[in-house]
Amino acid sequence: MSFKSALFLWKYNVGKPGSIQYFRQLLANQTLPQEETDALRLKKLQQLVRVAYHKTKYYKRRFDEIGLHPEDITSLDTVTALPLLTRQDLTENFNDLISSDVERKSLNLVTTGGSTGVPVKVYHPRSVCRAAALWRMQSWWGIEPGADIATVYRESDALAQRIKKSLVSWPNRILLLDARRVDEKAARRFLRKFNRLRPPLLHGYAGALDALSSYVLDHGIDVWSPKAIWTTSSPLTRVQELRLQQAFNASVYDQYGCCEVYYLAAECPKKTGLHWFSDIRHIEFLDDSYHPCPEGVVGSVAITDFENLAFPLIRYLNGDRGRSMPGPCACGLTLPRMDKVRGRTTDLLRLPSGAVIAGDYMTTLFDAEPDAVRQFRVVQHKDYSIEIQVVPNCAFENRDTVFESVRQVVVKHAADEVPVTLTRHSSLEGKGGKLRYVVSEIPDKSERAG
Ligand SMILES: [Zn+2]
């Protein structure tokens, strides 16, 4: 490990004691024999279920309704006896899901547009070093904890947030390209700094990174090759992946996670599926009757987060669909594998000037006031105009003010190039029940060429 990385970890550990030890533990877990992992997982599941039953009003009520007691969870298979948690359950029982053992100030509120355009809120405990799972995942790609990183992501408007972020990452550097609006000038400046910084890791929204790689290839720009490119939010298409690999001459890794539960799974260098983090999460794939799918069959993803004892998420249906993959991986990791999650695609929004707005950023539009809407979708029409469609939450008083400020934010990123409207609907329907919630009706030239 480099001196800089050791310094980063040491500093992190001062802020959150136990972080280094936890990271080491996760590294040890990733190659444990199956029986040992299963024993560890059962212990964590039982602990979570006990906390859920004895410390939260919601699970006490639900367990009692079906006559279930924590002692009934005697093996990993018995997880199927536990009730499922839908997004609606989560929204309607938000306060009853908080453990009576924790103080609010020890929790981080996380809000998300999620994968279906229905905003939800969850709490994460501050005490858990969630970054340990991130560091472990990056170690598979040859990246040290806290390495310099270039990222195409959303910039925080709040100065305090930005300062906090740079303090957390010190002594390592973060180079950011604001994905809320990427134009030629910003892309050129970013690539110049990228070539100077030479970071081992390039990270970002899949769609925005794809736009950047097209720009690099179209203009024949010489760029630094990082060790790894890590895409997040939407899955990459094979065409996008090859383009990114070619533009930066680097390996591209897919990672799967959601705001409710960060870091669920990631690709290893063998790139034959994503290893899911079975020592800290339980993932199930369920058929339409919510029974476990046979291996390899696609079903609804249900997540149980062993790390969150403050706001238990047990068998949480996050709206994604996926499937398990059989057999061990040649890389030596014993963590099980799943296929790429293909459900949640978001389109890139394009402006007449050539600038782009990352569709994945659009999914966060209501993060500040998730209660203002029941559902939302962003549509870019063929004439480039942008329409924000919302199903208002009539119980939320200031919704009109929130709607106008969200519209203004999009107007700002579109820099008055196109009209931006917000329309109200009683429901939003998707094809086949699946709602794509950032949709562009403008044909994608590069996708056709691939
Ligand atoms: Zn592997």
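Me: Which residues form one aromatic cluster with Phe8?
Reply: Welcome to a predicted model, where local features need pLDDT of at least 70, side-chain atom pairs count only at pLDDT 80 or more, and totals for chains, interfaces and linings use all residues. Residues are numbered from 1 along each chain as its sequence is written, and side-chain values use heavy atoms, with hydrogens and water left out. The one aromatic cluster with Phe8 also holds Tyr12, Phe23 and Trp135.

Me: How many aromatic pairs does a search of the whole structure find?
Reply: Rings of Phe, Tyr and Trp (its six-membered ring) pair if their centres lie within 6.5 Å; planes under 30 degrees apart count as stacked, over 60 as edge-to-face and the rest as tilted. Searching the whole structure gives 19 aromatic pairs.

Me: Is the pair of phenylalanine 8 and tyrosine 12 stacked, edge-to-face or tilted?
Reply: The two ring centres are 5.9 Å apart. Their planes stand at 45°, so the pair of phenylalanine 8 and tyrosine 12 is tilted.

Me: Is phenylalanine 8 buried or exposed?
Reply: Buried means under 20% relative accessible area, exposed over 50%, and partly exposed in between (1.4 Å probe, protein chains only). Phenylalanine 8 has 6% relative accessibility, so this residue counts as buried.

Me: What is the angle between the planes of phenylalanine 366 and phenylalanine 403?
Reply: These two rings form an aromatic pair, 6.3 Å centre to centre. The pair is edge-to-face, and the angle between the planes is 85°.

Me: Which ring does the charged end of lysine 121 sit over?
Reply: A charge sits over a ring if NZ of Lys or CZ of Arg is within 6 Å of the ring centre and within 35 degrees of the ring normal. The charged end of lysine 121 is 4.7 Å from the centre of the ring of phenylalanine 94.
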